[in-house]
Amino acid sequence: MPDASYAPSVSHASAQPRRFSVIGPILSTVAFTFFTYLTIGLSLAVLPGFVHSTLGFGAVVAGLSISMQYVATLISRARAGHMADTLGPKRTVLTGLVMCGVSGLLLMLGALAVAVPALSLGLILIARLALGCAESCVGTGAIAWGMGQVGHQHTARVISWNGVATYGAIAAGAPLGVLIAHSFGFAAIGAMSLSMMVIAFPLARRKRATAVAAGERASIRSVAARVLPHGIGLALGSLGFGCIATFITLLYLAHGWTGAALTLSIFGVMFVGTRFVFGTMIGRVGGYRVAMVSFAVEAVGLAMLWLASDMGLAAAGAAVAGLGFSLVFPALGVEAVNRVPENSRGAAIGVFSVFLDVAMVAVGPLGGWIASGMGFSRVYGFAALAAVVAVALTLMLKKRSERP
């Protein structure tokens with residue numbers, strides 16, 4: 001059943017609304033993305049260490065504990081996009097908030113079962129799966145909800161602000177999670193996540209829904225074929241973020257450094273700051289040009305992490321990588337969404353986002369395998385090479401788009 005309450009049609013939003021009438025609806029929608037990703041950030045810096053040190057599992061399993069979230073996101077992302085197109089983005093976001101609360105509850109139970117490591121790990125992995133489904137629904141639904149309120153001509157702005165909410169929440173959540181875990185124990189991370197969803201859900205229910213676009217929709221296969229090359233570029237660029245999110249804590253532990261959570265925050269601050277300062281560049285110079293520059297800068301930052309000899313250089317590398325990765329999703333996302341009909345753009349967002357999830361799923365086992373044989377630093381060298389390949393791919397896409 002589609003969302004029952006309908007907003008004015010998109011054509012009303014097309015009449016060049018004033019700045020606040022665009023930013024206000026966007027911010028009030030991506031706030032739910034912020035809540036969801038804050039729960040992701042809370043456990044990001046402490047979960048690998050908990051699995052590795054407290055439960056006694058190896059580096060591959062520690063990486064898997066992070067990657068399981070992205071396995072679920074990978075499986076559910078396209079379905080979330082279809083749900084946003086057919087049932088409405090509001091219903092999609094509400095579903096995601098419920099699943100996020102379930103994830104927090106399971107994570108709390110897993111932490112309390114620490115005396116039985118296998119049971120604890122099992123509950124944590126299920127919690128990560130639920131969180132991955134929540135990420136799909138909220139992340140995809142919020143973008144579609146925002147576009148439905150302000151019009152598709154503001155797609156880049158909606159995607160950019162959704163990303164600000166995403167990585168701003170991760171930047172805030174990582175050190176907050178460390179503080180909570182050290183002060184109250186790892187179980188408090190789950191309790192905090194559940195409490196935030198109790199607040200976010202009723203706020204989302206009170207917010208007006210948007211109309212579901214009418215007309216025949218393109219099949220998922222057709223949408224996937226149109227956004228495939230853009231998605232591959234996103235996956236290549238996302239490997240660097242995945243390596244930082246999954247292995248930065250273990251990299252610091254291996255070198256005897258401190259401040260891994262601060263490095264995650266630096267990455268997030270640079271990511272958010274870049275969107276504030278350079279976000280409008282996509283509309284001015286085009287998504288492909290912005291993406292190529294972004295990939296190149298990200299490659300430099302990842303190479304710095306690979307070659308870092310102290311934690312200061314590692315933090316600087318993470319900052320440069322955050323600067324580069326910041327505009328990859330909206331730059332390629334705008335070009336991908338423009339290739340599908342309006343009534344299938346929720347599906348396009350979902351399918352395009354799947355490629356980020358593919359990268360995040362691959363990072364855990366692949367990065368763990370590389371780290372086991374060559375050390376954690378070498379992981380970032382491989383990610384830098386992937387970003388260089390993404391530059392070449394984006395150049396090919398730009399040239400193809402210029403053909404008659």
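Is Thr-246 buried or exposed, and what is its relative accessible area? Thr-246 is buried, at a relative accessible area of 1%; buried denotes under 20% relative accessible area, exposed over 50%, and partly exposed the range in between (1.4 Å probe, protein chains only). The views below come from a predicted model, in which local features need pLDDT of at least 70 and side-chain atom pairs count only at pLDDT 80 or more, while totals for chains, interfaces and linings use all residues. Residues are numbered from 1 along each chain as its sequence is written, and side-chain values use heavy atoms, with hydrogens and water left out.

View A. Helices are DSSP runs (H or I, at least four residues) numbered from the N terminus. Residues up to four places away in sequence aside, Thr-246 touches Pro-48, Gly-63, Ile-66 and Val-363, where contact means heavy atoms within 4.5 Å. Ile-199, 47 residues apart from Thr-246 along the chain, has its C-alpha atom 28 Å from that of Thr-246.

**View B. Helix α15 and its kink at Val-363.** Helix α15 comprises 30 residues (345-374). Of the 30 residues in α15, 22 are buried. Gly-375, with a positive phi near 100°, follows the helix.

**View C. The largest nonpolar core, with 125 residues.** Such a core is a set of buried Ala, Val, Leu, Ile, Met, Phe, Trp, Tyr and Cys residues joined through side-chain atoms within 4.5 Å. Phe-186, Ile-244 and Tyr-380 touch the most other members. Helix α9 (residues 220-255) gives the most to this core, namely 14 residues. Beyond its neighbours within four places in sequence, Tyr-380 is in contact with Cys-243, Ile-244, Phe-247, Ile-248, Leu-251, Leu-302, Leu-305 and Trp-306. Cys-243 counts as buried because its relative accessibility is 6%.

**View D. Thr-36 in helix α2 (residues 19-44).** Thr-36 counts as buried, at 0% relative accessibility. Apart from residues up to four places away in sequence, Thr-36 touches Leu-97, Cys-100, Ala-134, Glu-135, Val-138 and Met-197.

Definitions and conventions. Helix = DSSP H or I, 4+ residues; strand = E, 2+ residues; numbered from the N terminus. Expected span 1.5 Å × (residues − 1). Bend = angle between axes of the 7 residues up to and from the residue.
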